[in-house]
Amino acid sequence: MTLFHMSRRAMIAAAAASFSLGTPALADGHQVVDSIHFLIPGGAGGGWDGTARGTGEALTNAGLVGQATYENMSGGGGGKAIGYLIENADSNHGTIMVNSTPIVIRSLTGVFPQNFRDLTLVAGTIGDYATIVVGKDSPINTMEDFLAAYRADPRGTAIGGGSVPGGMDHIVAAIVMQAAGEDPTAVKYIPYDAGGEAMAALLSGEITALSTGFSEAVDLANAGEVKIIGVTSPERVDTFADAPTMKEQGIDAEFVNWRGFFAAPGLPEDKLAMYQEAIAKMYDTPEWEEVRARNGWVNIYNNGDDFLTFLENQEQVIGDLMRELGFL
């Protein structure tokens with residue numbers, strides 16, 4: 001069993017202990033929040049962007065939120081948006097910021113000085129599996145094909161991702177490559193600011209393969225623009241059942257990235273309670289199920305102290321994993 005595999009198991013165990021899956025509350029059709037402004041720490045087309053806009057779509061279409069607006073604020077690996085939220089806390093009580101595993105990773109690596117403890121924790125909401133994809137015209141069709149190309153020319157077979165070196169997409173690529181018997185520190189990884197830019201690099205041939213979220217790849221795969229050659233799910237995902245798992249190709253690698261929402265520090269308790277109520281009720285609506293199924297997300301709901309406990313557990317597990325990789 002590889003070190004990555006043991007760390008991955010520990011991560012899943014930590015998630016299972018802290019996350020509750022399913023529908024936490026029933027929707028009653030009543031509006032809970034007048035408006036929400038979603039702050040997105042990356043560019044258009046990435047996983048954060050899709051999560052914020054999909055959540056806003058479901059909340060407004062279900063009548064739980066009156067109006068949703070969106071703002072993309074790229075920069076600093078997500079640090080620009082976090083800093084903005086903290087520095088303008090008093091004027092941002094109507095704003096919630098989407099984030100995910102990278103808020104833990106980038107704090108550990110010092111990409112930005114803040115961490116999740118500097119924010120108000122709203123809720124963890126979904127899980128998204130990771131995937132390796134190639135362009136539609138690539139001669140590579142399977143992970144076996146990719147590994148053969150990599151072994152023939154390691155430096156000429158680059159993997160890109162929408163995160164910094166040592167970030168989540170890089171870690172996922174390293175986990176997969178080590179599980180396949182390769183040296184994860186030898187993989188040529190090219191970072192991009194967001195998933196959309198990374199996908200454009202793949203389609204232009206700048207990189208051989210892309211490490212990304214499954215939900216980011218599904219639409220392009222359905223449109224025939226990319227080929228999904230491996231997913232880090234335990235079983236095939238029903239929203240795109242043609243995509244093979246890593247496991248069925250002999251690569252024992254699983255990973256699921258949580259995504260959720262944070263607010264400015266000092267958010268009034270009544271405002272926090274309204275945000276959490278709206279999100280909790282969202283899960284039982286057909287509007288949410290439509291968004292969830294379209295993106296291949298896993299329902300995960302976790303708020304308050306449970307969310308904090310999970311994040312602290314993940315901080316420990318990922319920190320250990322990154323030290324094994326040599327990223328810390």
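## Glu-57

Glu-57 has a relative accessibility of 26% and therefore counts as partly exposed; the class spans the range between buried (under 20% relative accessible area) and exposed (over 50%), with a 1.4 Å probe and protein chains only. Glu-57 belongs to helix 2. Helices here are DSSP runs of H or I with at least four residues, strands are runs of E with at least two, and both are numbered from the N terminus. Leaving aside residues up to four places away in sequence, Glu-57 touches Tyr-70, Val-291 and Arg-294, where contact means heavy atoms within 4.5 Å. Thr-185, 128 residues from Glu-57 in sequence, lies 40 Å from it in space, C-alpha to C-alpha.

## Basis of the model

The model is predicted: local features need pLDDT of at least 70 and side-chain atom pairs count only at pLDDT 80 or more, whereas totals for chains, interfaces and linings use all residues. Residues are numbered from 1 along each chain as its sequence is written, and side-chain values use heavy atoms, with hydrogens and water left out.

## Overall form

The protein contains 11 helices and 10 strands. Along the principal axes, the C-alpha atoms fill a box of roughly 60 × 40 × 35 Å.

Of the 328 residues, 56% count as buried. Among contacts between residues at least 6 apart in sequence, 79% join residues at least 24 apart. The accessible surface comes to about 12400 Å², and carbon and sulfur atoms account for 49% of it; areas come from the Shrake-Rupley method with a 1.4 Å probe, and for residues only the protein chains shown count as cover.

The whole structure holds three cavities of 30 Å³ or more. A cavity is a set of points on a 1 Å grid over the protein atoms alone where a 1.4 Å probe fits but cannot get out; a pocket is an open set with protein on both sides within 12 Å along at least five of seven lines, and lining residues have an atom within 4 Å of a point. Grid points are joined across faces, edges and corners, and a volume is the space filled by probe spheres set on the points.

The largest cavity has a volume of about 280 Å³. It is lined by 26 residues, of which Gly-47, Trp-48, Gly-162, Asp-169 and Glu-216 are the closest to its centre. By class, the lining divides into eight nonpolar, 11 polar and seven charged residues. Gly-47 lies in helix 2 and, at 8% relative accessibility, counts as buried. Gly-47 touches Glu-216 and Arg-259, not counting residues up to four places away in sequence.

## The second largest pocket

About 250 Å³ of space lies in the second largest pocket. Gly-45, Gly-46, Ser-215, Glu-216 and Asp-219 lie nearest its centre, among 17 lining residues. Helix 2 (47–61), helix 7 (195–204), helix 8 (214–222) and helix 10 (286–295) each supply at least two residues of this lining.

How values were computed: Nonpolar A, V, L, I, M, F, W, Y, C, P; charged D, E, K, R; others polar.
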